[in-house]
Amino acid sequence: MVGPGGGPPRKSHTKSRNGCKTCKRRHIRCDETFPQCRNCTKHNCRCDYQDTPAAQGASPPPRGPDLLMSPEIEMEIDNWHRTGVPPYPELLQCPRSGWAGLSRADLRLIHHIIGLSIDLHRRGLSSCTLWAQKMPNFLAIALGSEFVMSAVLGLSAFHLAFLTRDPDTKQLAFRHKVSALQGLQIALGSFSKENCDAILAASVLLSWQATEHQNWSSLQHGISSVLESMHPYWKQESDLAQFVEAQRTLSIRDISMAGGYQPLDEDFMHLDQTIQSLQLAQKRVSHNLEHSQRLGELIDFTRQFRDEFPNQTPEQSFERIQILRRWLFWLPPSMLRNSDSDINALPILAQFYAIGISLDIFFPELGGAYLGAPTVEPIEEIYRIIATHSATDPFNADLRLALTLMDLPRGIVARYRSRLPWSPRSSIDQYSPGPPSPYHHTMHEYPLVTSSSPDSASPSYAAYTPPLHSPPAVTVANSPFQLQDGFIATAPPSLYPPSPHLLDAHNVHLGLSDMNHGHTSASIPQSSAFTPPYGGDVLCTDMPRADASLGLNMDVYSQTHPFAASLWA
């Protein structure tokens, strides 16, 4: 078509009927780009598209896993990543090269889980937990083994996902577990003195994170295979192997009994009596709202387990006790807040451990290794601490109440030990020293790096306990070494030196009702002064598998490995 005057044809165009008001007022075509058109961007003027619901409802960009990163922690992680100098004094003797290949997110995960361990150790409470005592050993091995490091990072992400209920953090935990499982499978093909500790460490860490019966059983069989394949001299040189074997003395029962054992009427009667004792303990601590509510949730859980157990399959029962398993691992750092109330919180924790032992008899196929064995020594250590304090202040009402509350856990431990074919003598003696420190080896002293963190916890950590910033610097006198930059390049035999108490501040508003993660057990109504932060199923049991051949139910310890072939013959 010829244009006016015989010129070239006019170009056709699409009218902009939904353009912004600015473009219409200027009689120019609007490209209708949200949330601001290009013309308005070009002329640096506000586009009225920003006021439309579509622009206001635009989804924010993904933020990644929630690692509870406060500004203070972020500053410490950046400095750690840039200089190789960790924020915790206890880690200064690790070679800087050990942190070289780790991302900021990886360092944050180490900062979290090791911070919990250091905090509990400095207050003399790491042995009151199932896991904190051995974290120095795991980290020492992880610095030389990628798949053990993945298992450590997975455990830390597992806890953070439990706290935040963030799906991205949950997926991060799963990815680290898959990476650890892959590395473990490869290492099993070349079992030797050099990697047996790494194989054992990864197996234990992954079993702590296991929430499926098949996966946990496979890892336990693998641990047995590793221990039986280790030369006796290797075991003598391995603190980790001695730790695992010591726990096995509290868990190995008569195999013939375990295979076909069914709970007796006596076991159900004892469980009923335990529930009654818990109710009495709840009345005795009714003046403490937090402790009363915690015991109330434990009573509700135990009563519901008692009512449902006869009609449940083993898999259903195993799934049911996952709530208790999570409590046993993560309740101690949330209750022990470095205050005068710690001594009152210890017997409450002991009640949870005691229920773990009481329910152990209902899972004979687990051989006591899942609930019973890990909780015996923490109960005995809690009693030793309380008895030691009571001996120095015998008329203290709080200590007398704490000792009274320990009657139930101590009785359950005695009953559990009586069922073992052999049991080492328990050391519940208020005059006996505590267990050896994980930081006990002789180490060179060193000048310390000043932490950028305040003494108190960040608001982002108010939902649970430790300050997961660096602890206050500790001055070690008479150091024979003057080191630059507060760092020792050569790692001595042990990882951590002795440390004094760590000051901390914690949020007391932490409950258990939401820790059930979707289960329907009854709970005591929550007070407005008691806001539980836990909730939602943040564990990795329902995560999609990475592919059809690899998941958390994979057969890790294949019978094709030479060192294990004879064990399945």
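Reader: Why is R384 called buried?

Author: This is a predicted model, and in it R384 has a relative accessible area of 14%. The cut-off for buried is under 20%, so R384 makes it.

Reader: What makes R384 and E381 a salt bridge?

Author: Their closest N and O atoms are 2.9 Å apart. A salt bridge needs a side-chain nitrogen of Lys or Arg within 4 Å of a carboxyl oxygen of Asp or Glu, so E381 and R384 qualify. They are 3 residues apart in helix α19 (residues 372-392), which means about one helical turn separates them. E381 counts as buried because its relative accessibility is 8%.

Reader: How many salt bridges turn up in the whole structure?

Author: A search finds 14. One of them joins the side chains of D342 and R123, at 3.0 Å from N to O.

Reader: Why do you say that D342 and R123 tie parts of the chain together?

Author: Look at where they sit: D342 is in helix α18 (residues 342-360), while R123 is in the loop between α5 (104-122) and α6 (135-142), so the pair ties together parts 219 residues apart in sequence. D342 and R123 are both buried. Salt bridges with shared partners also bring D119 into one network with R123 and D342.

Reader: What about E245 and K235: what makes them a salt bridge?

Author: Their closest N and O atoms are 3.0 Å apart, and the limit is 4 Å, so the pair counts. E245 belongs to helix α12 (residues 239-248) and K235 to helix α11 (residues 232-237), so this one ties together parts 10 residues apart in sequence.

Reader: Buried or partly exposed: which is K235, and which is E245?

Author: K235 counts as buried because its relative accessibility is 18%, and the cut-off is under 20%. E245 has 31% relative accessibility, so it counts as partly exposed. That class runs between the 20% and 50% cut-offs.

Reader: Let's turn to the rings. Why are W327 and F352 called edge-to-face?

Author: Their planes are at 85 degrees and their centres 5.4 Å apart, so the pair is edge-to-face. The cut-offs are centres within 6.5 Å and planes over 60 degrees apart. W327 lies in helix α17 and F352 in helix α18, so the pair ties together parts 25 residues apart in sequence. W327 and F352 are both buried.

Reader: How many aromatic pairs does the whole structure have?

Author: The search gives 18. Among them is F309 with F363, an edge-to-face pair with 6.4 Å from centre to centre and 80 degrees between the planes. Centres have to lie within 6.5 Å, so F309 and F363 do count as a pair. F309 is in the loop between α15 (289-308) and α16 (314-320), and F363 is in the loop between α18 and α19, so the pair ties together parts 54 residues apart in sequence. F309 is buried because its relative accessible area is 13%, and F363 counts as buried at 1%.

Reader: Which residues do ring pairs link into a cluster?

Author: W131, F138, F158, W208, F329 and W330. F329 is found in helix α17 (residues 322-335) and is buried, with a relative accessible area of 4%. Apart from neighbours within four places in sequence, F329 is in contact with L130, W131 and W208. F329 and W208 are 121 residues apart in sequence, with their C-alpha atoms 8.8 Å apart in space.

Reader: What makes you say that the charged end of R325 sits over the ring of Y370?

Author: The charged end of R325 is 4.0 Å from the centre of that ring, against a distance limit of 6 Å. R410 lies over the face of Y383, also at 4.0 Å from the ring centre.

Reader: How do you know that α7 is mostly covered?

Author: Of its 19 residues, 18 are buried. α7 reaches 26 Å from its first C-alpha to its last, close to the 27 Å expected at 1.5 Å a residue. Just after α7 comes R165, with a positive phi of about 60 degrees, although R165 is not a glycine.

Reader: Why is R165 called partly exposed?

Author: Its relative accessibility is 41%, so R165 counts as partly exposed. L68 also has a positive phi, near 50 degrees, and is a residue other than glycine. At 11% relative accessibility, though, L68 counts as buried.

Notes: Residues are numbered from 1 along each chain as its sequence is written. This is a predicted model: local features need pLDDT of at least 70, side-chain atom pairs count only at pLDDT 80 or more; totals for chains, interfaces and linings use all residues. Side-chain values use heavy atoms; hydrogens and water are left out. Buried means under 20% relative accessible area, exposed over 50%, partly exposed in between (1.4 Å probe, protein chains only). Helices (H or I, at least four residues) and strands (E, at least two) are DSSP runs, numbered from the N terminus. The expected span of a helix is 1.5 Å times one less than its number of residues. Contact means heavy atoms within 4.5 Å. Rings of Phe, Tyr and Trp (its six-membered ring) pair if their centres lie within 6.5 Å; planes under 30 degrees apart count as stacked, over 60 as edge-to-face and the rest as tilted. A charge sits over a ring if NZ of Lys or CZ of Arg is within 6 Å of the ring centre and within 35 degrees of the ring normal.
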